[in-house]
Amino acid sequence: MIFNSFQFLWLFPLIFVAYWVVDMTICKGKGKKMANWLLLLISYGIYAQWNVSYTLILFGVTSVTYLFARIIESKQAFGRKKYLIWSGVLLTLLPLIVFKYFNFVTDAGASALAWIGIDVAPKSLNWVVPLGLSFYTFQALGYLWDVYYQKIHAEKDFLDYMLFVAFFPQILCGPISRADELLPQIKENSPFNYSRATSGLKYLLWGMFLKIVFADRLGIYVDTVYADPMRFSGGSNLVASIFYSFQIYGDFAGYSFMALGVARLLGYDIVKNFNRPYFASSVSMFWKRWNISLTRWLTTYIYIPQGGSRKGKFRTYRNIMLTFLVSGIWHGANWTFIFWGMIHGLAQCVEKAFGLNNPVKSRWWIIPRILLTFIVVNFAWIFFRMPSIEQSIQVIRHIFSFGMPNLGIGHIYLYLFIFVGLLEIILEYKKIQVQSFVNQYIILRWGGYIFLTFSILLFGVFNSGQFIYVCF
Amino acid sequence: MKKFILKLIIFLIIIVVLDALFGFFLELDDIAEGGQFEKIHSIMTRECSDILVLGSSRAALHYDPLILEDSLEITAYNAGLTAQGLTMSYGFLKGLENRCFPRLILCEITPWLDISKTCHVATNYFYPYADNKEIGDLIIDFDPSEKVKLMSNAYRLNSVFTEKLNNPRSCKEIIYKGFKGLDGHITYDNKIDNKIEDNVSPYNTEQQVDSKKAEYLRKLIELAQIKKSKIYFFISPMYLGSDISYYEKELAIVKEYDCHVFNHLNDERIINNPDFFNDVIHLNKKGARVYTEIIAGELKKMIDSEQL
């Protein structure tokens, strides 16, 4: 069930009612067991809807991490634990490696062999990558590492742990929750909270607007140009690249806000994955605002265990590059993603070398820095979007041919940018969250909700387009 | 929880009431000032010509109704629709069926839009007319969930408002008799042309036929035959010509009904002259005039021989 689908509109209210009826009646004062069973059933049911057999992979990843965490915790000797953790990690990663990277690895191997004169026909698997595999695998791996590092105790209740991995609002596109955030919420009784639920609805509405109106409208222009970039002028390619930067933001942040909203409506708080990333004044700051849960994961389980920034400049740069290599690989089995990751890694190394990674204090200096960061991020997104590095370079070269756009830029884009841009600038300046729609006047507040709802109805793209990040 | 549910219900009631008011006060005639939507609105509510041209942008841009009217001495209207195939054309015929029906239907064959799975049928153009049962059925046939969504008046006008907001100038543009030719001319060299042609033909002999679209093509022909209209199929020229094998699957359907096909895909009077083309697949005004004159002559002969 994708949040921008028609199914969500009728199914989620039923889920909401069923969950709270169970929670308030059957579970009243007796713990959350029944409500959790229901949520687990719903989560697996929604996942099975896409492909029943792939629920086995979800169950497999869950079982492996659950068992290994229990075993690791029961072992005293640290040395033995090391073997166990690596066995657990490899077993957990196995589906990801097979489904997502097998073809890439065999193709790369065949190319390498061809380079030294050995021709081998690479074997390829035509399997569809299970939805959300990268997200729930990383979430489960994070839990396993946390148990290994003794940050948390291994979960004993398999049902609760299953729900932690399969929790439906976040299984497809994240955010990647930490066990110490979500598991306690699964266990503790949390009665219905009015302000949490209303903030959930606001996040849901804002996320829907970002996805259905903002991202999907921009996507029409982007898809048209990038389907055959050479047919369009350099100007159109430049516009498409900028639109794509905002499309992917609207798409992924939209999903994350919807996930947050759905979770809050069910009484759960999950991590807020975006914080107006294009206001970042450096690439390092960008990653503190973009896909926050992934950045946190990579920092905790890749960057810091490698030594972080504690072991000299060279090791720091190496660790940054390694972290962003993993980030690139995580996003997809293609050299374009690796290259994209490397650009981000390199930009951060340069920033660190010149001391540009810290927040800018001067009000006048911040705008050029934001623009510079956006330019770097924007050009990196071209590699992320295009199917090959060659085509990405072709697009970039074409952009510098400086032609005027030959694909009409509809007025709707202008209005969308003005509306979303102004809103985000105000929120950034006032340091408040969009979900607040803070205004003391009920007319203005409700006017805002009605405006967003009618904007979705009148200007939304209603073909249940997949979220870009579902592919990861 | 009570407060939450109550506020949610109040919000939903406000939305429903505003949506109903929106539908009540909005007149489609006032919104349809010009451009593509005015054209669609005209076909669905007013149009009553003897000749109706149907098909994609290749139909919309290649058949000048004034030339057809002058040559055949009956009224003509071009109902070609950019990026849409004959499924949408079937909707047009259904829209005007109870008002009047054309005596002569000219269909441009565009397989990648008419029968291929690659392209989407933009039934959203028909949302404002969903109260017409046949049109409503067509929309729901492509997506059953639309039955519920179309209860919203605002949703019904989604594509209209987007178009108006997106391109206010073109939404006021007057399109006379459904035809507005292109002014450009081709500037690519042959090498690039061939590449472009490969790209703009997202179909090949291996194309996957969309059974639903094929069914609507059959329905369109059957409807014309029931109404005793003459229906002819055309393949207009492409720059430097193209492979007819692309068209075979659609031609096979057309031939099931013994419909005559005028094939000008590789018509050497037109295809080698870049002055006649706006781009590889579209004629410009000059090309459209020459092409329409050619087919008008052929039609006249055909009509005379068949004593239409």
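Ala, Val, Leu, Ile, Met, Phe, Trp, Tyr, Cys and Pro are counted here as nonpolar, Asp, Glu, Lys and Arg as charged, and the others, Gly among them, as polar. The structure is a predicted model, in which local features need pLDDT of at least 70 and side-chain atom pairs count only at pLDDT 80 or more, while totals for chains, interfaces and linings use all residues. Residues are numbered from 1 along each chain as its sequence is written, chains are lettered from A and ligands numbered from 1 in the order in which they are written, and side-chain values use heavy atoms, with hydrogens and water left out.

The interface between the two chains is described from the side of chain B. Contact, defined as heavy atoms within 4.5 Å, involves 30 residues from chain B and 29 residues from chain A. The buried area, that is, the accessible area (1.4 Å probe) that two parts lose on being put together, summed over both, is about 2700 Å² between chain B and chain A, with carbon and sulfur atoms giving 76% of that area. Within chain B, the residues that lose the most area to chain A are Met1(B), Phe4(B) and Leu165(B), which together account for 24% of what that side buries. With helices (H or I, at least four residues) and strands (E, at least two) taken as DSSP runs numbered from the N terminus, at least two residues of the side of chain B that touches chain A are supplied by each of α1 (2-25), α9 (146-149), α10 (153-156), α11 (158-166) and α12 (190-200) of chain B. The largest share of this side, 12 residues, comes from α1(B), and by class the side of chain B that touches chain A comprises 19 nonpolar, 6 polar and 5 charged residues.

Salt bridges were assigned where a side-chain nitrogen of Lys or Arg lies within 4 Å of a carboxyl oxygen of Asp or Glu. One salt bridge joins Arg196(A) to Asp269(A), with the closest N and O atoms 3.5 Å apart. Since Arg196(A) lies in helix α9 (residues 194-227) of chain A and Asp269(A) in the loop between α10 (234-265) and α11 (283-289) of chain A, the pair ties together parts that are 73 residues apart in sequence.

Grid points are joined across faces, edges and corners, and a volume is the space filled by probe spheres set on the points. There are 4 cavities of 30 Å³ or more, and the largest cavity holds about 70 Å³ of space. Its lining has 13 residues, of which Ile176(A), Ser177(A), Arg178(A), Trp297(A) and Tyr301(A) are the closest to the centre. The second largest cavity, with about 50 Å³ of space, is lined by Met1(A), Phe3(A), Ile46(A), Phe168(A), Ile171(A), Leu172(A) and Tyr255(A), a lining with 7 nonpolar, no polar and no charged residues.

The second largest pocket contains about 1600 Å³ of space.

How values were computed: 1 Å grid on protein atoms, 1.4 Å probe; cavity = no way out; pocket = protein on both sides within 12 Å on 5 of 7 lines; lining within 4 Å.
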